There are 4 protein chains.
Amino acid sequence: MSDRMRLVVTCPDRPGIVAAVSALLHACGANIVRSAQYSTDPADGTFFLRVEFTVEEDRIPEIGERMASEVGPSLDAEWRLWDARRRKRIAVLVSRYDHTLRELLYRWQRDELDGEIVMVASNHDDLRGAVELLGLPFHHVPVSGAEAKPAAESALLSLLAAAEADVVVLARYMQILSGDFLARVGVPVINIHHSFLPAFAGAGPYERAKDRGVKLIGATAHYVTEELDAGPIIEQDVTRVTHEDDVASMTAAGADIECAVLARAVRWHCEDRVLRHGNTTIVF
Amino acid sequence: MSDRMRLVVTCPDRPGIVAAVSALLHACGANIVRSAQYSTDPADGTFFLRVEFTVEEDRIPEIGERMASEVGPSLDAEWRLWDARRRKRIAVLVSRYDHTLRELLYRWQRDELDGEIVMVASNHDDLRGAVELLGLPFHHVPVSGAEAKPAAESALLSLLAAAEADVVVLARYMQILSGDFLARVGVPVINIHHSFLPAFAGAGPYERAKDRGVKLIGATAHYVTEELDAGPIIEQDVTRVTHEDDVASMTAAGADIECAVLARAVRWHCEDRVLRHGNTTIVF
Amino acid sequence: MSDRMRLVVTCPDRPGIVAAVSALLHACGANIVRSAQYSTDPADGTFFLRVEFTVEEDRIPEIGERMASEVGPSLDAEWRLWDARRRKRIAVLVSRYDHTLRELLYRWQRDELDGEIVMVASNHDDLRGAVELLGLPFHHVPVSGAEAKPAAESALLSLLAAAEADVVVLARYMQILSGDFLARVGVPVINIHHSFLPAFAGAGPYERAKDRGVKLIGATAHYVTEELDAGPIIEQDVTRVTHEDDVASMTAAGADIECAVLARAVRWHCEDRVLRHGNTTIVF
Amino acid sequence: MSDRMRLVVTCPDRPGIVAAVSALLHACGANIVRSAQYSTDPADGTFFLRVEFTVEEDRIPEIGERMASEVGPSLDAEWRLWDARRRKRIAVLVSRYDHTLRELLYRWQRDELDGEIVMVASNHDDLRGAVELLGLPFHHVPVSGAEAKPAAESALLSLLAAAEADVVVLARYMQILSGDFLARVGVPVINIHHSFLPAFAGAGPYERAKDRGVKLIGATAHYVTEELDAGPIIEQDVTRVTHEDDVASMTAAGADIECAVLARAVRWHCEDRVLRHGNTTIVF
């Protein structure tokens, strides 16, 4: 029986990378279905490769072994082999704004995320009903004051570990995660910011957009790093506003963009299509 | 014979503004063709009105007189009456990048600006040929070093006054105009900035966009104020980029957006559709 | 106490329409908050006006009476006065595809439709649970074969009358409504078609779009007339596809556009912003 | 010295295609810079591959020979090897509307087409001045009545052959080319149609769009086939219009989209990024 796999490779650019990888795959009976590559610079740059292929299930171990023993070392490569059937386990953190959570839940039910939502946690208890209705575990992890944050973050880390989460999605989670949390969580954390970063980083972006009189508002999905709103951008989009829009109507229009941008970013991440490169991303 | 006029009114919001203005116009035999209004707040806000109407030419003075003596004072209004046949006179300042100048010249030739380009000035002599070919005056006003700027700005002011310019357009003019120049020029100055402001204000926006890894790049047309890149925004737009784009291809893609955004802003300004409100604009 | 009203007027274009209407409103103590107008042709055309205003509740009857006795007849106008608090009652017809229904339900719960969903009917029973969960009545009106359609349409007409529906929304309702139904329903019917009309009218638009190799797919919300997919268009939008998209991924991408386009059309209709003009619409 | 090449391959899909091609390229010292592939169906479909690579100039013949003798036959492939320095020679046919011609000329001067415009021909003499000003040959080939068309087409074929054109671009050329012409011209012919095909194929699309009341208008660049406006689509785009737009303003707005769409299509074609597949295109 045939299985669909993804191989993602990052290495110094040099001639022969595609030849080496495709020769190995062909030797193991794989059929390349989709392939994308990018080099920051053919001379002296970094090369990124993502190959999607079908292969008989019993040949998969051989591919991993030969990548580990031959091709990987010869290319000085970091690489990872993903089984497309092993869908990523998604944990969602949320506060009170529910629109991006509801969008993720809806797309998950329609099987449009290429991943499984396995838990939702929140610093408020408001959304318990909407989550539990779908048979998903909901955890209320309150944060009250600065001294409560370390305990809350410890609780979250335990819940994420127990849920075996592969990725954490901040669906308008209004708490700033500490560097210590990010260092210990061990999986990527994706945030949706309600502005077209780097414009209006920080709090109150729609208020500031109204004050500045911009003609487009946007949203940005990015990996979370210790520096607030400064991590690698995965996806952005915008929508038009006019002088007639007030903060409320900009917030409503922005909510649609936040939902669309976050859903795309989560799906692309789950499909192993997003590669990090310094503080930027390659999206294949 | 019938003429097309525009009346623009700004005043404190209160009941009866539209009634007063439309009664006056009707009494003078005018037919309202287009009307747009906006209030920042029906209670205690500012009201903006732009009315486009046709009227017999010999009734125009009466409209102006009755606005000045009756309706204007009764509404505590600032207002202006424009004859649509009296097209605005546009002066363009440019440096070496020629794409936005060429776009303006092309749209002027096609009569798409609702205004007349009457002169081009530059701190370089490179574009003289392209401008003079169209029968337009080209003025080379070099700026070398800080001490040369006051003299250059004086020369520009003289040229603008002699050309009777109604609006100055900075088509990628790479000199920062002094507060003194802006105070003395006496007409609006429109700039095109090659980023989606307030992101990447200042120099080198495409380089900084590449470094930050944004997924959309944009351009912003705004009125120039003394604070650099912070004046009222008239129009903005964006286009999508990917990790494959380098600074050169982002610059090329951005050039198209700069052209489109600046051309729209200049046309709207010439049509008296842009009203300033603090540091923002109403675009009717 | 102040109430918000909408007055919509259609009449032959002539001088003085705005003056007459605004004088009446001012005389009744109304404050115009928003006004939009359009003329197909200042000479001999049709004039459309929509005015939004606030007024003391006890003055509303006077406005209606004076429109009926004075201003309306003098302008030879069709007009309608709407109380913004009297929200439109929306009935939704659906078959098995649930995405546009879910979008409408979601936006209704968030109070973004400016109307109330009062019933859902379907020719299948599948979506009963999702609808009843929200406390809404769900009616299963099966249609089996040509001879069953008249009975089904009669049943629908009774349900719509009993629900006092102001507008019927076909949220991917896969039955063609007869001319007789449309003549008797007495309220506007809005449909979402899953193509950028007039391209791919009729069945299977995504299949045909794939065959034709188009680079954008779209959706169209329109009022239903007896001629299939040919009624007045309210709103359209598109999204980009590539050669890599198959019918399934085009259907998924199209679903997002269908949801967005239908939600905008329903909201604009409920806000009395859509005026019909022959087979086209004015959207203020 | 290193040269940049493009190899385009079409063949029945089977395992090992990428391995075979990349092994050959690696053996000849080439470095793959960019690679894109698409399969209509991994089982029994057609596979399309475009590889961009750098290689020492003296190794190029070897690549061609080994593709011809080994890899091509073994894959049952159609393939073509292009030298990126050998820029395509573009002939433009135009009538009286000049906007798309001017756009192409402007982008050619800025070196944004990846090709060389080598001649312009027209059935009118109006644009001679604008073309000759740039040092380009302009040919007036009048067509008067049906009996004149065969002679005009013969004259065009001679001019195109003499100019060694690699591609013919119809920049709003208002004559229908005969099947005989298309059979004999021997190079691809690209047309810009001023609608979002398949909507409004044929004449007068803006008039028909206004009548139908669409909310978006568009343009389509496609390869010309004998069936009018039905050839493989290369690129499409749209822009928003409202009820306020008349045919004139829709024509003006559409002109911008026509320019942008045609310029992209010509550039992509010149970069060998457009592969035909039946009546559709793959755009890598």
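In the predicted model, Arg273(D) and Glu271(D) are both buried. Their side chains meet in a salt bridge, with an N to O distance of 2.9 Å.

In chain C, a salt bridge is formed between Arg107(C) and Glu112(C), whose closest N and O atoms are 2.7 Å apart. Arg107(C) has a relative accessible area of 12%; because this value is under the 20% cut-off, Arg107(C) is classed as buried. In chain A, salt bridges link several residues into a network. Its members are Arg6(A), Arg87(A), Lys88(A), Asp111(A), Asp114(A), Glu116(A) and Asp272(A).

The confidence values for the model were examined next. Chain A has a mean pLDDT of 95, and 100% of its residues reach 70 or more. For the complex, the predictor gives an ipTM of 0.94 and a pTM of 0.94.

Chain A contains an open sheet of four strands, arranged in the order β2-β3-β1-β4 with antiparallel pairing. From one strand to the next, the twist averages 10 degrees. Strands of a sheet pair through backbone hydrogen bonds, in either a parallel or an antiparallel manner. Within the sheet of chain A, strand β1 (residues 2-12) and strand β3 (residues 46-56) pair in the antiparallel sense over eleven bridges. Val8(A) stands opposite Arg50(A), a residue of β3(A). Helix α2 (residues 60-75) of chain A lies across β1, β3 and β4 of chain A, and runs at about 165 degrees to β4(A).

The relations between chains were then considered. Chain B is superposed on chain A by a rotation of 180 degrees with 0.0 Å of shift along its axis, at an RMSD of 0.0 Å. This is the relation of a two-fold axis. In chain B, the C-alpha nearest the axis belongs to Ala199(B), at 2.3 Å from it. The same surface serves both copies, as 100% of the contact residues of chain B recur in chain A.

Chain A is likewise superposed on chain C by a rotation of 180 degrees with 0.0 Å of shift along its axis, and the RMSD is 0.0 Å. Here too the same surface serves both copies, since 100% of the contact residues of chain A recur in chain C.

Technical notes
Residues are numbered from 1 along each chain as its sequence is written. Chains are lettered from A and ligands numbered from 1 in the order in which they are written. This is a predicted model: local features need pLDDT of at least 70, side-chain atom pairs count only at pLDDT 80 or more; totals for chains, interfaces and linings use all residues. Side-chain values use heavy atoms; hydrogens and water are left out. pLDDT is the predictor's confidence in each residue, from 0 to 100. Two strands pair if DSSP finds at least two bridges between them. Helices (H or I, at least four residues) and strands (E, at least two) are DSSP runs, numbered from the N terminus. Axes are lines fitted to C-alpha atoms, for helices over the stretch in contact, and angles run from 0 to 180 degrees between N-to-C directions. Contact means heavy atoms within 4.5 Å. Copies are superposed by least squares on the C-alpha atoms of residues with pLDDT of at least 70 in both. A salt bridge is a side-chain nitrogen of Lys or Arg within 4 Å of a carboxyl oxygen of Asp or Glu. Buried means under 20% relative accessible area, exposed over 50%, partly exposed in between (1.4 Å probe, protein chains only).
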